[in-house]
Amino acid sequence: MKVIETGIPDVKVLIPSRFDDVRGFLSETYRRSALAEAGVDMEFVQENDSLSTRKGTVRGLHLQIPPRAQAKIVRVVRGAIFDVAVDVRRGSPTFGRHVAVEITADQRNQLVVPAGFAHGFCTLEPNTHVVYKMTDYYAPDHERGIRWDDPALAIPWPVSAGDAVLSERDHSLPPLSEVTELFE
């Protein structure tokens with residue numbers, strides 16, 4: 001597995017090895033020991049499966065606060081996404097900054113989103129299927145969110161606000177400056 005550093009420490013892009021033959025291919029998408037050797041030492045307890053039928057669907061920006069914070073590894077099994085991790089650790093030198101990566105089924109790349117980051121994505125193709133592993137269980141009382149198109153974040157989303165497909169909840173999330181419970 002190849003590990004690529006990004007502009008924010010701990011947010012990493014993973015590219016699993018792929019072995020092709022006449023039958024197709026085999027790819028080991030997760031091996032805890034290989035990731036631990038690369039500095040990504042996480043124990044996953046839940047895996048989610050998401051299908052977005054329309055291009056331009058935005059999910060996020062979501063996070064869980066301590067003590068139920070979640071780290072994630074995100075991959076796409078069909079289609080493509082513009083995937084975003086925003087540092088929401090107050091006092092961090094990269095607070096409010098983001099990493100944005102195109103994750104595709106064809107490239108088989110994955111994104112490591114550490115605890116202390118809000119996460120969201122926009123689908124780049126219809127019928128995009130995303131799978132992500134998490135280090136803690138979903139805990140509604142600890143769930144928070146940030147407005148996906150908060151101008152202060154300056155995320156170059158590939159969809160306009162008028163064309164984005166959003167849930168009612170995601171549409172009403174506050175900007176980062178109004179979120180009081182984050183990571184200290």
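**Figure 1. Four nonpolar, two polar and three charged residues line the largest cavity.** Nonpolar covers Ala, Val, Leu, Ile, Met, Phe, Trp, Tyr, Cys and Pro; charged covers Asp, Glu, Lys and Arg; the others, Gly among them, are polar. The model is predicted: local features need pLDDT of at least 70, side-chain atom pairs need 80 or more, and totals for chains, interfaces and linings use all residues. Numbering runs from 1 along each chain as its sequence is written, and side-chain values use heavy atoms, without hydrogens or water. The cavity (a set of points on a 1 Å grid over the protein atoms alone, where a 1.4 Å probe fits but cannot get out) holds about 50 Å³ of space. Its lining (residues with an atom within 4 Å of a point) consists of T29, Y30, E47, I73, R75, Q110, V131, Y132 and K133. Strands β7 (72-78) and β12 each give two or more of these residues. β12 has the largest share, three residues. Strands are DSSP E runs of at least two residues and helices H or I runs of at least four, numbered from the N terminus.

**Figure 2. The second largest cavity has a volume of about 40 Å³.** Volume is the space filled by probe spheres set on the grid points, which are joined across faces, edges and corners. H62, L63, Q64, Q70, K72, V113, F117 and H119 form the lining of this cavity. Two elements, β6 and β11, contribute two or more residues each. β6 leads with three. By class, the lining splits into three nonpolar, four polar and one charged. In total, the structure holds two cavities of 30 Å³ or more.

Figure 3. A pocket is an open set of points with protein on both sides within 12 Å along at least five of seven lines. Its lining has 20 residues, and N48, H62, K72, Y132 and E143 are the closest to the centre. β5 (46-52), β6 (58-64), β11 (117-123) and β12 (128-134) supply at least two lining residues each. β6 gives the most, six residues. The lining counts six nonpolar, 10 polar and four charged residues.

**Figure 4. Y30 and F44 form one of three aromatic pairs in the structure.** Rings of Phe, Tyr and Trp (its six-membered ring) pair if their centres lie within 6.5 Å; planes under 30 degrees apart are stacked, over 60 edge-to-face, the rest tilted. The Y30 and F44 centres lie 5.5 Å apart with planes at 80°, so the pair is edge-to-face. Y30 is partly exposed at 28% relative accessible area. F44 is buried at 18%. Buried is under 20%, exposed over 50%, partly exposed in between (1.4 Å probe, protein chains only).

**Figure 5. W148 and W157 pair edge-to-face.** Their ring centres are 5.5 Å apart, with 70° between the planes. W148 is buried, with 1% relative accessible area. W157 is buried too, with 12%. Together with F82, W148 and W157 make up one aromatic cluster.

**Figure 6. R18 lies over the face of F25, and K133 lies over the face of Y30.** R18 is at 3.9 Å from the ring centre of F25. K133 is at 5.5 Å from the ring centre of Y30. The criterion is NZ of Lys or CZ of Arg within 6 Å of the ring centre and within 35 degrees of the ring normal. Y30 and K133 are both among the residues that line the largest cavity.
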